[in-house]
Structures are given as C-alpha cells and as structure tokens.
Amino acid sequence: MPGDSKEFPLCRQLMKGPSPSHVRELSDSRYPLAMYEEGLATGETAYGHGGYISIPELPSGVAVRNSCRPEIIEESAYLRILPPAGGWLSAGTLEKLATCAETYGKGLIHLTSGGTIEIYTTREQMVPMVRELNTAGLDIGSTGNDLRCLTACCGPARCDMALINAPALATYLGQRFIDEQQYPGYPQKVKSGVAGCPNDCIRAMMQKDHSFIGVYRDLPQINNEVLAAWQQAGGDLAGLIAACPAGALNWTGSTLTVAPDRCWHCMACINFCPAIRPGRERGVAWVAGGKYGHRGPQGPMVGYVLVPFIPIKDDDYTAIGDLFGAFLELWADNARKKERVGDFIVRVGPLWVLKELGLKVEPQILLSPKRNGF
C-alpha cells in the first residue's frame, strides 16, 4: 500500500493509532487487500464458504475459501499445519514458517483462534511447501472429517495452576492418533483439547467434541499461616467465603476449613486466595460432546462428563488414549452422517455410551452436572 495512495480508505482507518493493526500486517504481505476493503464497504465478507480440497499426495490439511469477487482473487487456498501442543513455538520454528510463507505463500501466517496455524498459498505451491515443512519436523492435517484442532493450554511450563501436564498429554494423543488427523474417515469433524485444570482457559469443555481436563479428587489444601498473612495484607475473607459456589468454606474464627460433602472441586477459592492450593490426588476428567456450532439438532452445547477421574501415574497416558480410541471407533460405527459427537450422545444417550465402553456409570455426573463428580 503506497504511502500517499488514496486506495483502500476504509482499511486505512484501521491502520491509524499506536496499537498493532491487523490491516498493517495484511498490507505488508501479498494478501489481496481489495477483498477486505470490499467487505468493509458492503458490511459482508467477500469470501464464501469453502472446505477440504483434493491435492495429490496430501490427504488432509488442505482447504480453500471461495471468493465472492473472482475478478479480484479466484479463491483463497491454505495449508493447515498441526501445531506443537500448548502453542509453544521456538524462534527457529517461527522463522521456518515465515520462510515457507514468503517462499510458497503470500507472506502471511494466521494463528487461528482454534489453535492451528494456517499459511495462505496456491494449490500449485502446496506440495513443495509441505515438503519444506516436513524438513523442519512440521506436518499438516486437521481438515475434513478427521480428528481436528488437538490443542492444549500452556501447562506447567508457564502456569502454576496446572494440575496435569496438558501439552505432554496432547502431544501423546497427537502422535498416537496422527493418522486420524491426516486421513479423513469419520462421519463428521471431531475436535479435541486438553486443559491443565478446571479453569479451562482454552474453553475446551465448551468448544471441543472431546476435552480432557486436569482435576483433583481430594480437598483443596489450606495453609492457615499463609492465609493469616494474606488477611493482614488486606485479603477479603468474607469475599473468599462468598466466592465458593457450593458454600463449602467455613471460618471458625481462627481456621478456614472445607466441607468435604459440599466441595465441587472447582477452582473458585484457589483463584481467589494464594493460601488455598489444589489437592494432591490429581488426574483427568473426560468431557465429551461440547461444540460451539449451531448446526445439528442440539445447537451449541457443553459436553457431558463421562468419566470424572482418570488417574495418571508416571506420565503414562495409555489409559486415556485407549478410552479415546474406543470412543472414536464407537462413534464412527454408530453416528449418522455429519453427526457431531454431542448430537450423537444426546441421540443414543450417555448411559448407552458408558455401557458400550464398559465404563462405570456414575449417577451424579449425569443427574447433577457441574456438581461434585466424585
């Protein structure tokens, strides 16, 4: 975009000011800015629906957005790159991605809200770019009716709330189910995520067909010495007690206690006060059926807690992988065409799913969700 040009006046408005501008990034690449200007002028995107496309040698990870203004650009093809778990990207990996984007694409990388990495290119440049990505230990996938968007929070590498090593579990699942991410064969797409604690910063329970959430089964640990120091520094004890959604916190006048029969094992008190830490008996809860999409008979829905606690010992995730694989097989064999996991569970019933998988039925997780699952 030349400095004194009068082109793209609406885009120019979005480049003003000291903060970073997405339009500035677009204009510094080979992105067709006329498409964005057209969308701003009409109030509607200049792109239409798209989807998976067939490219020899590339069974998945290739897709296209259709253009509503073919005189500007015929289509917007892109590669979807499987990201390292937790969003951890070294400077060297970023440099490799940038080189690929400059050499084979439009000089633009999109870090999507779903946790994947996309590089916009042309159909002709896809195979050479994938070969280049492979030399850097990267690969593509996660388009079509396959296992998609296997994401994780940053985990204990960055967060003191992490109850499990979410990136490690996501890496295990990604490597074990690599074929399922690259060869579409399911009735519908299936998204998965791993969150290190019930805070669920990646919103896995709300937007993923399968989410694995770090949980603790014993009670929160209270350090009354730290609590006293926190109060002396201005900590709001009444606010802390009121913050508990289950009314499980009791103050005796000198000691804070947790009522075992009331505690939901959420993170409310832990987030509120540094004197309260998660319990030490930690594992994973399996939640299935969440989705944001409005399509399907159920529309957007939060998933079912099908297994409230799966213990993890010595970083062995085999049991979780076995359970995940068993469900995917059950769903693939019994789901209707284009039926998401949540709609499938509602149709057949969570009780049927649990029995088919040979799992113990926990009445409280089905009759009183969002309560104590233990």
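Which backbone nitrogen lies 3.0 Å from a polar atom of the side chain of Ser67? Keep in mind while you look that this is a predicted model. The nitrogen belongs to Arg69.

Where does Ser67 sit? You'll find it in strand β2, which covers residues 62-67. Ser67 has a relative accessible area of 16%, and because the cut-off for buried is under 20%, it counts as buried. Leaving out residues up to four places away in sequence, Ser67 touches Met35, Ala46, Ile73, Glu74 and Glu75.

Strand β2 turns up again when you move to helix α5 (residues 123-135). The helix has Met126, Val127, Met129, Val130 and Leu133 buried. The buried residues of α5 pack against β2, along with β3 (75-81), α4 (91-104), β4 (105-111) and β5 (117-121). Just after the helix comes Gly137, with a positive phi of about 80°.

Now for the largest nonpolar core, a set of 44 residues. The members that touch the most others are Leu169, Val194, Phe212, Trp286, Phe327 and Trp331. Helix α12 (residues 318-334) supplies the largest share of this core, with seven residues.

What about empty space? Rolling a probe the size of a water molecule over the atoms shows where some is left. Here, the structure holds one cavity of 30 Å³ or more, and about 80 Å³ of space lies in the largest cavity. Of the 13 residues lining it, Cys244, Cys263, Trp264, Cys266 and Cys269 are the closest to its centre. The lining is made up of 12 nonpolar residues and one polar, with no charged ones.

Finally, zoom out. The protein chain has 15 helices and 14 strands, and its C-alpha atoms fill a box of roughly 75 × 55 × 40 Å along the principal axes. Of its 374 residues, 46% count as buried. Among contacts between residues at least 6 apart in sequence, 64% join residues at least 24 apart.

Notes:
Residues are numbered from 1 along each chain as its sequence is written. This is a predicted model: local features need pLDDT of at least 70, side-chain atom pairs count only at pLDDT 80 or more; totals for chains, interfaces and linings use all residues. Side-chain values use heavy atoms; hydrogens and water are left out. A nonpolar core is a set of buried Ala, Val, Leu, Ile, Met, Phe, Trp, Tyr and Cys residues joined through side-chain atoms within 4.5 Å. Buried means under 20% relative accessible area, exposed over 50%, partly exposed in between (1.4 Å probe, protein chains only). Helices (H or I, at least four residues) and strands (E, at least two) are DSSP runs, numbered from the N terminus. On a 1 Å grid over the protein atoms alone, a cavity is a set of points where a 1.4 Å probe fits but cannot get out, and a pocket is an open set with protein on both sides within 12 Å along at least five of seven lines; lining residues have an atom within 4 Å of a point. Grid points are joined across faces, edges and corners, and a volume is the space filled by probe spheres set on the points. Ala, Val, Leu, Ile, Met, Phe, Trp, Tyr, Cys and Pro count as nonpolar, Asp, Glu, Lys and Arg as charged, and the others, Gly among them, as polar. A polar contact is a pair of N or O atoms within 3.5 Å; within protein, one must be able to donate a hydrogen and the other to accept it, and residues adjacent in sequence count only if both atoms are side-chain atoms. Contact means heavy atoms within 4.5 Å.
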